[in-house]
Amino acid sequence: MAKHWYIIHTYSGYEKRVQDEIKRRIESFGLQDHVFDTKVFSEEVTEVKEGGKQITREHNIYPGYVLVRMEVDDNSWSVVRNTPGVTGFVGIDGKPAPLTRAQFDKMMRRVGGATGGKGKPKRTETDFKEGQSIRVVSGPLADFDGTITEVAPESGKVKVSLTIFGRETPVELNLDQIVSA
């Protein structure tokens, strides 16, 4: 049987607990030869509050989801599926669909490598300048090009003018959502 990565849907905010519970259940049911790894993707986020106070906290990159590398058979599927906090596998008609290598690689690039844990902290300082051309790389506006109209490194945000449906539209984005064009 082949090992593949699968996505498990969980209650939002319970990802780490589900990951720990899956590991515990795998050991207690003796399924170490069928379930090999779990990943919860998170990163440290530095927030700038009023008065310039900075607070660093852990933020889930994919809230409500845990990745599991496993060989799916009736027993391993049942043990993982019935883990407290798991609402199901991502797939079709309740059947788990494995991630392709390209999908897995794309998720790993999103978190900055194969850590599966804490990524790099989000930037709060920047080299971006007003008038600079940028490309949006994440979020609902991904792949749009624009021009920076205002930079606020203390909040980790920029205001950008994007052309959407033929009209200039001002939007506010996080620094980690853009790259130089």
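## Salt bridges

The count comes to six salt bridges. The model is predicted. Side chains of opposite charge can pair when their charged atoms come close.

Arg24 has a relative accessible area of 46%, so it counts as partly exposed.

Strand β5 covers residues 65–70 and runs antiparallel to strand β1, residues 4–10. Six bridges join the two strands. Among the paired residues, Ile8 has Val66 of β5 as its bridge partner.

Strand β2, residues 35–39, also runs antiparallel to β5. Here four bridges make the link. Val35 is partnered with Met70 in β5.

A salt bridge joins Asp37 and Lys39, with the closest N and O atoms 3.7 Å apart. Asp37 is partly exposed, at 30% relative accessibility. Lys39 has a relative accessibility of 11% and therefore counts as buried, the cut-off being under 20%.

## The Arg135 network

Arg135, Asp143 and Asp145 are linked in a network of salt bridges. Asp143 is exposed, at 57% relative accessibility. Arg135 is partly exposed, with a relative accessible area of 32%.

Notes. Residues are numbered from 1 along each chain as its sequence is written. This is a predicted model: local features need pLDDT of at least 70, side-chain atom pairs count only at pLDDT 80 or more; totals for chains, interfaces and linings use all residues. Side-chain values use heavy atoms; hydrogens and water are left out. Two strands pair if DSSP finds at least two bridges between them. A salt bridge is a side-chain nitrogen of Lys or Arg within 4 Å of a carboxyl oxygen of Asp or Glu. Buried means under 20% relative accessible area, exposed over 50%, partly exposed in between (1.4 Å probe, protein chains only).
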